[in-house]
Amino acid sequence: EWPETGRLALYLLGLRATCPPLEPRPQRSLVTWLKYYLEEDWAGSRHHGHPLTSYYQYSLGVLALCVHRKRVREEVIRRLLAAEHHSRFRHGSGSTVDTEAVVALAFTCLERERLVGTRLAAELRAATRRMRRRMVEAQDQDGFIGNIYSTPWAMQVFIATSTCQTQPAYGQAMAALLQNLDAFTTAATMAQALPVLYGRSYLDIVSMRCREELDTLTPISPELLPERPGNKTVQLVVECPEPRCPPHQLYDQPVSVPASASLLDVLRAAAAQGSPNFTFDTQDTALGPFLSRVLGLEAQQHKRSYWQLLTAPSTSLQMGIADYRPHDRETLILRLSKW
């Protein structure tokens, strides 16, 4: 089984933020498991020079340990330093903003909590400055830094390093975020955006005084999106440019769905159409359903492959399959790609 590095890291961050009971034993056990996963994550793929999961999950693990004020072995930290130095965070042609932002937050936390020596702290500061500079360079004309979901991560870096007041990119990103809050519909994406809206970062969890925190959490019922009348037709295309797929285009068919349908609804409708047969599978993740298999072709993490979601001709979608709602006559492409 793959290490649950990222999922456990997010759980530990959430646990610390909700002020757990004073009994530390269950919490200590989870921290021990996370340390174990960090080692398994790396050792299992040592000959590849990268974690089994991803640098994003790996750095989330380091960040979660730091937020719990747990020391991290210097070798673990230097793996991330080396990856930053050699530009290893990139996934294919995609953005590295979210990964670099999590790494920068982890580095800032380790330095601030004095969990590393003076010399290593200086290296972490220098690396964080480089990553912060690249985040500014990655900002597009709409104000997003990388994409809509990596933007809150980048903004947390500016907050944590006390540069949000002097960096124009931060104000532009905040304006873009406020105009697109409806894109944050899952608990995981909301958890990234909410701290930023209050001028906070995940590092502020460390200094929370739990005895002074009021228990104001109340359950709410999710609002159902209004149904739009009528139908729409979406052209669904499946591409596999890899050598194992002789025909480059494996599927190209119109799919009729209700006007309010999501991409996930489009996939379900395509599977129900019959001939030509369309099949797909998903995996549940913290960010919602993840497209794992299409027409029998599986996205395999150990081969660093994934199903890329695009709207024609080549624009990557910034939402997951359950959140994105295609327009009428839009062409959607599922492309088996490398990262």
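The following conversation goes through a predicted model and asks what its structural labels rest on.

Biologist: What does the protein contain in helices and strands, and how many of its residues count as buried?

Modeller: There are 10 helices and 8 strands in the protein, and of its 339 residues 46% count as buried. Contacts between residues 24 or more positions apart make up 65% of those with a separation of 6 or more.

Biologist: What makes the link of cysteine 66 and cysteine 109 a disulfide?

Modeller: The two sulfur atoms are 2.0 Å apart, and the cut-off for a disulfide is within 2.5 Å, so the pair qualifies. By this rule the count comes to 1 disulfide. Cysteine 66 lies in helix H3 and cysteine 109 in helix H5, residues 97–112, so the link ties together parts that are 43 residues apart in sequence. Both cysteines are buried, and with -100° about the S-S bond their link is left-handed.

Biologist: What makes glutamate 123 and arginine 78 a salt bridge, and how do you know how exposed each of them is?

Modeller: Their closest N and O atoms are 2.9 Å apart, and the criterion is a distance within 4 Å, so the pair counts as a salt bridge. The pair links distant parts of the chain, with glutamate 123 in helix H6 (residues 118–137) and arginine 78 in helix H4 (residues 74–85), 45 residues apart.

Biologist: Which side chains meet in a salt bridge at 2.8 Å, N to O?

Modeller: Those of arginine 335 and glutamate 239 do, and that pair links strand S8 (residues 331–338), which holds arginine 335, to strand S1 (residues 231–239), which holds glutamate 239, across 96 residues. Glutamate 239 has a relative accessible area of 9%, and that makes it buried.

Biologist: How do you know that arginine 293 and aspartate 281 form a salt bridge?

Modeller: The closest N and O atoms of arginine 293 and aspartate 281 are 3.4 Å apart, and the limit is within 4 Å, so the label holds. Arginine 293 lies in strand S4 and aspartate 281 in strand S3 (residues 280–285), so the pair ties together parts that are 12 residues apart in sequence. The structure holds 16 salt bridges, and Glu39, Arg73, Glu75 and Arg79 are linked in a network of them.

Biologist: Which residues of helix H9 are buried, and what puts them on the same side?

Modeller: In helix H9, residues 187–197, the buried residues are Ala188, Thr189, Gln192, Ala193, Pro195 and Val196. They cover an arc of only 160° around the axis, which puts them on the same side of H9. Their cover includes helix H3 (55–67), helix H7 (151–160) and helix H8 (168–179).

Technical notes: Residues numbered from 1 in each chain as written. Predicted model: local features only at pLDDT ≥ 70, side-chain atom pairs only at ≥ 80, totals over all residues. Heavy atoms only, no water. Buried < 20%, exposed > 50% of the residue type's maximum accessible area, 1.4 Å probe, protein only. Helix = DSSP H or I, 4+ residues; strand = E, 2+ residues; numbered from the N terminus. Arc of directions from axis to C-beta. Contact = heavy atoms within 4.5 Å.
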